[in-house]
Amino acid sequence: MKVFLYIVSCLAILVSNLHAIENAPETGTPLKKALIFGVTGQDGIYLAEFLLDKNYEVHGVKRSDSKKNANCIDMLLGRNSDEKQRFVVHYGDLRDKVNTNNLICTIMPDEVYNLAAQSHVKDSFDVPAYTIDVNGLGVLHILESIRMLNTEKSIRFYQASTSELFGKVHEIPQTELTPFYPRSPYGVAKLCAHWISINYREAYNVFSCNGILFNHESPLRDETFVTRKITLAASRYKYGLQDILYIGNLNAKRDWGYAKDYVEVMWLMLQQSTPEDYVIATGINHTVREFIEQAYKYIGVDIKWYESDQNEYGIDTKTGKVIVAVKPEFFRPTEVDVVLGNAEKARNSLKWMPKTSFNELLQIMMESDLKKISKEIER
Ligand code: NAP
Ligand code: F7E
């Protein structure tokens, strides 16, 4: 009986401790340490912010010459107080395995998020070897460090996989079981990363998860990606700073979500009892043409399209002037024509769903860029 009571009281303490951990205040001693490769990127900034809000100690790796999102990095550093260094920036490059190993060895994080990549699909055709070096081999360097340091049990690993793996799609919509057919050096490099992450999970029990994320955008999206290129062009048009938006394939279809919604699910994957791969998407897709029409509609401009393919152009129905024109230089040697994700597994297992609709995303991006351009004019 005594033994039974002892076990019951131990269990009660354990359960109350677990409850305390789950409901731990958002301030106080940090619960966990995260290491983010690619902290200066769109997702890196949002993820760092998200984890700091969860009271993590966040270590971000940036390349020494990176100027990307410098104001956001400063803002995150501003959250440090004298007593608490909860956001720390380290210099690094995924191509340097000594650097990667040293970072993991000295920080000894609980969670590693690999968001670092040469992430421009079109650029990857110009720098294929570099892209494979960073996006493929770079991931191996992280996994090998985790293994060599015998930290398979203590470190959980997130790999930024991508809908670009589906490329020339075998089925619509795409799930975790859809076969891959990448269409660019970027996609091929990410396929290597995807499989090496699965291989280290199966061979060495590394807790590694691939998040197969479909396109996600925000005001922090780099200006060379199509959504941001469009919201900036429409905003400049409104203020008379840009006449024509030169664009590539108008008919490509993407499943666009909001980056802030997507970083939450990266974290959720690493909180599960088993490491798995998940498709993350909204389940709705739009053409580049639709994105342009909606962005210009936001500033009160309707577009009428003329001609087709590489000669296509759009005019402002009020003024009759050309405001969009297709330029062959923005086309890719091989294109991913259409992607559409089915995130049912994430919905059922992680209880995750995107919160932001396509129209809300467009509004967030347009508002931000209109503000940015009007401020630039004031200066
Ligand atoms: P991003 O804005 O282009 O950020 C990429 C990050 O990687 C930057 O911090 C960049 O640092 C860093 N980086 C580049 N080369 C590096 C190297 N050699 N060593 C270390 N760091 C390096 O990309 P994102 O949109 O945030 O995407 C995050 C990750 O998700 C990427 O891996 C991307 O491929 C993947 N992904 C993105 C999407 C999407 O729609 N956004 C969808 C699926 C998957 P610098 O500041 O030095 O350039
Ligand atoms: O292109 C077409 C282009 O460069 C979207 C990365 O985050 O998401 C991103 O890759 C579509 C393509 O993104 C222009 O041909 C037309 O069909 O914005 P994007 P992406 O290639 O889909 C995936 C999931 C990732 O993993 C990547 O890291 O738009 N398009 N005209 C254009 N694209 C660009 N960039 N510029 C144009 O002028």
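I take a polar contact to be a pair of N or O atoms within 3.5 Å. I note at the outset that this is a predicted model.

**Entry 1: ligand 1**

I started with Lys68. A polar side-chain atom of Lys68 sits 3.2 Å from an oxygen atom of ligand 1. Next I looked up Ser66. Here an N or O atom of the side chain is 2.5 Å from an oxygen atom of ligand 1. Then I turned to Gly41. Its backbone supplies the N or O atom, at 3.0 Å from an oxygen atom of ligand 1.

How many residues surround ligand 1? I find 27. The closest are Thr40, Ser66, Ser119, Tyr186 and Lys190.

**Entry 2: the loop with Asn69**

I checked the backbone of Asn69. Asn69 is not a glycine, yet it has a positive phi of about 50°. I place Asn69 in the loop that runs between β2 (57-62) and α3 (70-77).

**Entry 3: ligand 2**

I moved on to ligand 2 and count 21 residues around it. Thr162, Tyr186, Lys229, Arg332 and Glu335 are the closest.

Arg332 has a side-chain N or O atom 2.6 Å from an oxygen atom of ligand 2. For Glu335, a polar side-chain atom also lies 2.6 Å from an oxygen atom of ligand 2. Arg254 has a side-chain N or O atom 2.8 Å from an oxygen atom of ligand 2.

I see Tyr186 listed among the closest residues of ligand 1 and among those of ligand 2.

**Entry 4: a cis peptide bond**

Is the peptide bond from Ile172 to Pro173 cis or trans? I find it cis, with omega near -5°. Pro173 belongs to the loop between β5 (156-162) and α7 (185-204).

**Entry 5: α6 against α7**

I looked at how helix α6 (residues 128-148) packs on α7. The angle is about 15°, and the axes are 8 Å apart. An angle under 35 degrees counts as roughly parallel, so I call α6 and α7 roughly parallel to each other. The crossing of α6 past α7 is right-handed.

I went through the residues in this contact. From α6 they include Ile132, Val139, Leu140 and Leu143. From α7 they include Tyr186, Lys190, Ile196 and Tyr200. By class, I record 13 nonpolar, four polar and three charged residues for the contact of α6 with α7.

**Entry 6: α8 against α10**

I then took helix α8 (residues 226-238) with α10. They pack at an angle of about 30°, with axes 9 Å apart. That makes α8 roughly parallel to α10. α8 passes α10 in a right-handed crossing.

α8 brings Val226, Thr227, Ile230, Thr231, Ala233, Ala234 and Tyr237 to the contact. α10 brings Val288, Phe291, Ile292, Ala295 and Tyr296.

**Entry 7: α10 against α12**

I finished with helix α10 (residues 288-298) and helix α12 (residues 358-378). Their axes come within 10 Å and cross at roughly 55°. α10 and α12 are therefore oblique to each other. The crossing of α10 past α12 is right-handed.

On α10 I list Phe291, Gln294, Ala295 and Tyr298. On α12 the contact includes Phe358, Leu362, Met366 and Leu370. The class tally for α10 with α12 is seven nonpolar, three polar and one charged. Phe291 and Ala295 of α10 touch α12, and both also take part in the contact with α8.

Terms used:
Residues are numbered from 1 along each chain as its sequence is written. Chains are lettered from A and ligands numbered from 1 in the order in which they are written. This is a predicted model: local features need pLDDT of at least 70, side-chain atom pairs count only at pLDDT 80 or more; totals for chains, interfaces and linings use all residues. Side-chain values use heavy atoms; hydrogens and water are left out. Axes are lines fitted to C-alpha atoms, for helices over the stretch in contact, and angles run from 0 to 180 degrees between N-to-C directions. Helices (H or I, at least four residues) and strands (E, at least two) are DSSP runs, numbered from the N terminus. Angles under 35 degrees count as roughly parallel, over 145 as roughly antiparallel, 65 to 115 as roughly perpendicular and the rest as oblique. A crossing is left-handed if the near helix is turned anticlockwise from the far one by less than a right angle, and right-handed if clockwise. Contact means heavy atoms within 4.5 Å. Ala, Val, Leu, Ile, Met, Phe, Trp, Tyr, Cys and Pro count as nonpolar, Asp, Glu, Lys and Arg as charged, and the others, Gly among them, as polar. A residue is near a molecule or strand if one of its heavy atoms lies within 4 Å of it. A polar contact is a pair of N or O atoms within 3.5 Å; within protein, one must be able to donate a hydrogen and the other to accept it, and residues adjacent in sequence count only if both atoms are side-chain atoms.
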